[in-house]
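Dear colleague,

I am handing over the structure below, and after it you will find my notes on what was found. Please read them with the model open beside you.

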Amino acid sequence: MAITCMRIFRFFSSTCAPITAIIGFSLLLTWIFILYQPNLGPGSIQKLGWQSWEVVTMTNGFQNTTKGNATDLQAPGNHDEISDVDWWNVTQPDTQVDTSSFPLDEWNPILPHSTGLSEIAVTECRFDPSLAEGLCAPDSNSEQDAIKGKWVRVPRDLNLEGGYISSYLASNVMVNIYYRRTRRQDVNLVTDIQLLAQNEHPSSSGDWRKVNTSLRAGIFRAPPLFLWYRVGTTAGDMTTAERGNLITELDVLYGEDVPWYGFQKLEPPTMPEKGNTEATWLTYRRGVKVPPRAPPLHFSRSGKFKIMQIADLHYSVSQGVCRDTALSPCEHSDNLTNTLVGKALDAEKPDLVVFSGDQLNGQRTTWDAKSVLAKFAKAVTDRGIPWAAVFGNHDEEDGTAKEDQMMLMKALPYSLVDRGPKDVHGVGNYVLKVYSADASKTQLLTLYFLDSGSYSKGYWDLFGFMPTAYDWIRETQINWFLQQSGSIRAIERPFTPDSMRDLGHAWNPRQQITPDTRRLAKPNALMFFHIPLPEAYAKADSDPRTNTPLDVGVHGQETPGNAKTNGGFFENGILKAMETEHVAKGSALEVKSLKTAVGSRESGTVLEVGETIRTYKRTENDEIVDDMVLSGKGAPPL
């Protein structure tokens with residue numbers, strides 16, 4: 001019996017390994033050829049929803065309907081050099097924008113949406129829809145949401161100005177625009193919009209649909225005004241040109257000025273201008289309008305770079321009230337200021353414009369910041385000039401946070417503004433660098449921008465918040481500035497381009513510079529912020545050659561506008577940032593000029609920058625005043 005059991009055990013032990021191998025190999029083949037079948041996952045069998053992606057038509061690239069200046073310019077150093085072509089003029093194909101990632105159920109007019117609208121509605125509500133969105137929204141159901149898209153509210157009340165001209169009860173009625181947006185290819189999309197009186201009808205043919213609620217609902221004795229929209233064919237049946245002409249966004253403008261970039265006004269206004277009531281306009285955008293980008297900042301081939309500083313525009317939702325001017329009669333001051341700015345720009349032709357704060361007037365006149373920001377830089381953007389900006393003490397007085405204003409300004413043409421690091425106090429602490437025109441693309445100028453804040457403290461009265469003290473530049477900003485300054489590389493100064501061809505006639509004088517006049521040092525730097533430092537009101541230095549005070553301009557028109565608290569920025573920041581660490585023969589300061597908001601709307605400050613920095617003002621009468629050399633040849637020795 002024992003022998004038999006041993007034989008059986010040996011038999012199984014000898015056959016176990018081959019059998020195990022055969023079974024394992026069979027299971028592997030079964031997994032590879034039968035069980036493992038790649039599939040699209042559960043998404044391939046899900047029900048068609050309002051945000052489904054199966055119906056998206058993928059194209060080879062983003063169709064940019066903006067023509068002319070909307071080229072995507074490269075940053076310095078990111079492309080191969082092309083002979084006989086200025087490096088800043090080398091372009092790439094238009095940026096590919098993945099519009100399929102944009103949300104369909106949120107209103108954001110600065111997004112370059114290419115998706116069309118399927119339906120438009122108007123509702124009236126006696127309380128703020130944001131508190132209970134579902135109670136004020138048009139009727140819908142899950143099936144309509146899946147086909148046409150969910151209702152999206154344009155969060156801008158058409159009756160916002162209605163309280164001035166209507167009864168108390170009517171002034172509590174809020175009128176809002178709603179629309180649906182869809183990516184489905186089998187849904188008819190909106191191709192045109194008109195505003196018509198009660199008994200009028202569209203003159204052109206097509207499938208026109210009337211929105212039954214008047215845009216002037218709740219306005220006492222206001223004649224009704226109705227929105228009509230025309231529905232075209234489905235997105236799947238449209239040509240590329242037809243898709244580029246779709247209605248892609250709606251917005252509301254307050255005031256009689258220009259709408260946001262890429263938008264057009266619909267005539268007539270939903271609320272006409274009358275007395276203290278500002279006009280209200282429905283605006284729309286066709287296709288996609290991508291704002292043109294600013295080219296890289298660079299010196300001219302003659303070694304010059306010109307900056308125009310524009311301080312304290314103080315624009316309002318209205319067209320403004322004239323102050324401190326000899327013009328008579330004087331109306332619509334914002335438009336007059338824009339005209340004067342445009343005239344100065346044409347005369348000076350600057351390479352960069354800097355708005356140094358208080359673009360918005362505040363003081364309860366800029367209750368819709370978006371309508372004001374649409375116009376403040378219009379004279380500059382119309383001329384294709386790059387621009388930057390810092391905030392002043394009035395810019396967020398009326399409730400729109402600097403974060404939101406920064407997002408809006410970044411979406412304007414030729415904007416160079418930046419939010420800056422979030423761990424540094426304020427919004428808008430950033431650096432711009434200006435490069436040489438030759439192939440080396442050497443940094444020749446540093447521009448620092450700081451947020452000097454608004455108000456440090458205040459008290460409440462019957463009419464709202466009343467500030468009592470200006471803000472100041474904080475320690476985190478000082479540390480950030482010193483860190484940025486420390487990262488700037490020294491260059492050989494005066495700078496020499498890498499070939500005679502690059503500067504032409506300007507080359508010969510530079511050849512006469514002897515070697516002992518050259519030095520390794522950081523490029524010149526300028527700084528822009530709004531609220532002046534306390535040191536700005538100290539006694540001016542004197543020119544040792546003439547013993548005359550180095551002080552130009554008009555004095556005594558205002559009380560000192562500096563903060564009562566001195567954050568130590570001048571002592572601990574400016575005076576510690578030197579051109580070079582080698583101090584055997586002395587070292588100059590890196591920052592040659594602090595440009596603050598000590599200015600007015602009657603003049604623009606101009607800075608001609610190179611090895612020599614010159615500043616002057618151009619007045620509304622084309623007079624050049626306060627001309628002074630700040631640094632370089634001709635500057636007073638200090």
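**A loop glycine, and what lies around it**

Gly 428 lies in the loop between α9 and β15 (430–435), where helices (H or I, at least four residues) and strands (E, at least two) are DSSP runs, numbered from the N terminus. Please keep in mind that this is a predicted model, in which local features need pLDDT of at least 70 and side-chain atom pairs count only at pLDDT 80 or more, while totals for chains, interfaces and linings use all residues. Residues are numbered from 1 along each chain as its sequence is written, and side-chain values use heavy atoms, with hydrogens and water left out.

With a relative accessible area of 3%, Gly 428 is buried; buried here means under 20% relative accessible area, exposed means over 50%, and partly exposed is in between, with a 1.4 Å probe and protein chains only. Leaving aside neighbours within four places in sequence, Gly 428 is in contact with Met 406, Asp 418, Arg 419, Phe 449, Leu 450 and Asp 451, contact meaning heavy atoms within 4.5 Å. Gly 428 and Ala 389 are 39 residues apart in sequence, and their C-alpha atoms are 8.1 Å apart in space.

**The protein overall**

The protein has 638 residues, of which 46% count as buried, and it contains 13 helices and 25 strands. Among contacts between residues at least 6 apart in sequence, 72% join residues at least 24 apart.

The largest nonpolar core has 87 residues, and those with the most contacts inside it are Ile 307 and Trp 387. α7 gives the most to this core, with five residues. A second, separate core of 16 residues includes Met 527, Leu 533, Phe 569 and Ala 577. A nonpolar core is a set of buried Ala, Val, Leu, Ile, Met, Phe, Trp, Tyr and Cys residues joined through side-chain atoms within 4.5 Å. As background, nonpolar side chains in soluble globular proteins tend to be buried together.

**Helices α7, α9 and α6**

Eight of the eight residues of α7 are buried, so this helix is largely enclosed by the rest of the structure. What covers the buried residues of α7 includes β9 (247–254), α6 (333–348), β13 (352–356), α8 (378–381), β14 (387–390) and α9.

Helix α7 (residues 369–376) packs with helix α9 (residues 402–410) at an angle of about 40°, with their axes 10 Å apart; the axes are lines fitted to C-alpha atoms, for helices over the stretch in contact, and angles run from 0 to 180 degrees between N-to-C directions. On the α7 side Lys 370, Leu 373 and Phe 376 take part, and they meet Gln 405, Leu 408 and Met 409 in α9.

α6 has 16 residues and reaches 22 Å from its first C-alpha to its last, close to the 22 Å expected at 1.5 Å a residue, the expected span being 1.5 Å times one less than the number of residues. The buried residues of α6 include Asp 334, Asn 338, Val 341, Leu 345 and Glu 348. Lys 349 follows α6 and has a positive phi, near 50°.

**Loops and backbone details**

Most residues other than glycine have a negative phi, and most peptide bonds are trans, which is the background for the places listed next.

Lys 441, in the loop between β15 and β16 (443–449), has a positive phi of about 50° although it is not a glycine, and with a relative accessible area of 13% Lys 441 is buried. Asp 622, in the loop between β24 (613–619) and β25 (624–631), likewise is not a glycine and has a positive phi of about 65°, but at 36% relative accessibility Asp 622 counts as partly exposed.

A cis peptide bond joins Glu 267 and Pro 268, with omega about -5°, and Pro 268 is found in the loop between β10 (263–265) and β11 (280–286). The peptide bond from Arg 493 to Pro 494 is also cis, with omega near -5°, and Pro 494 lies in the loop between β19 (491–493) and α11 (500–503).

Lastly, Thr 115 is found in the loop between β2 (91–92) and β3 (117–125) and counts as buried at 8% relative accessibility. Not counting residues up to four places away in sequence, Thr 115 touches Leu 104, Arg 181, Thr 182, Arg 183 and Thr 248.

With best regards
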